[in-house]
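Here are some brief notes on helix packing. Please read them against the structure shown below.

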Amino acid sequence: MKRNRPKYNQIIDAAVIVIAQNGYYQAQVSKIAKQAGVADGTIYLYFKNKEDILISLFQEKMGYFVEQIEGELKGKTSASEKLYVLIKKHFQILSEDVNLAIVTQLELRQSNKELRLRINDVLREFLHLIDQIIIEGKANGEFQPDLNHLLARQMIFGTIDETVTTWVMNEQKYSLSDLAKDVHHLLLGGCSLKS
């Protein structure tokens, strides 16, 4: 597994910092190598090009995201509680790594269409977590039985995503994690769910 390779991880972590500070298009491979403390050529032992670094970065970080959220969801019994945990953990991870928040919320959006399609493939795992919560909530009577689950998923993801983007655009002047409870309450009401 790639995550167990120290230089691979160094390069991924360095790429997050360099892309956040310089923007994707200005983030040369040489800057990433320098930040990672490796020779330029070492990058190409692990990645084909800068685009491959961005995709790998997103795969690794989103994989970590999903693992962390799944871990927190264990032992939670209600769909409402699971939704809160998902929102809170999402906000917590990004508030603890502002560079990652900048990359995921701003830089990934400016990439080309092919890159965005590959990124959407990676997002599926996260969206699947939201789907599971909605389906469970409908099945156990917490959520309205006729709730349009695809629309609910879109609203949940869109609200979480826009909340983080606004926080990034406002230069993190307030606590993102503190918004989790309000966002959770809003989503429960806004999706025609019982609160």
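At what angle do H5 and helix H6 pack, and how many Å apart are their axes?

1. The model is a predicted one. In it, H5 and helix H6 (residues 98–107) pack at about 110 degrees, and their axes lie 5 Å apart. Angles of 65 to 115 degrees count as roughly perpendicular. H5 and H6 are therefore roughly perpendicular to each other.

2. On the H5 side, this contact uses Leu94, Ser95 and Glu96. H6 supplies Val98, Leu100, Ala101, Thr104 and Gln105. By class, the contact of H5 with H6 has four nonpolar, three polar and one charged residues.

3. Helix H4 (residues 50–73) also packs on H5 (residues 79–96). Here the angle is about 140 degrees, with the axes 9 Å apart. That makes H4 oblique to H5. The crossing is right-handed.

4. From H4, the residues in this contact are Tyr64, Phe65, Gln68, Ile69, Glu72 and Leu73. They meet Lys82, Val85, Leu86, Lys89, His90, Ile93 and Leu94 of H5. The residues of the contact of H4 with H5 comprise eight nonpolar, two polar and three charged. Leu94 of H5 is listed in the contact with H4 and in the contact with H6.

5. The length of H4 checks out. With 24 residues at 1.5 Å a residue, H4 should span 34 Å, and its end C-alpha atoms are 34 Å apart, which agrees.

6. Look at both ends of H4. At its start, a side-chain oxygen of asparagine 49 comes within 3.2 Å of the backbone nitrogen of glutamate 51. After H4 comes glycine 75, with a positive phi near 90 degrees.

Definitions and conventions. Residues numbered from 1 in each chain as written. Predicted model: local features only at pLDDT ≥ 70, side-chain atom pairs only at ≥ 80, totals over all residues. Heavy atoms only, no water. Axes fitted to C-alpha atoms, helices over the stretch in contact; angles between N-to-C directions. Helix = DSSP H or I, 4+ residues; strand = E, 2+ residues; numbered from the N terminus. Parallel < 35°, antiparallel > 145°, perpendicular 65-115°, else oblique. Left-handed = near helix turned anticlockwise from the far one by under 90°. Contact = heavy atoms within 4.5 Å. Nonpolar A, V, L, I, M, F, W, Y, C, P; charged D, E, K, R; others polar. Expected span 1.5 Å × (residues − 1). Polar contact = N/O pair within 3.5 Å; in protein donor to acceptor, adjacent residues only side chain to side chain.
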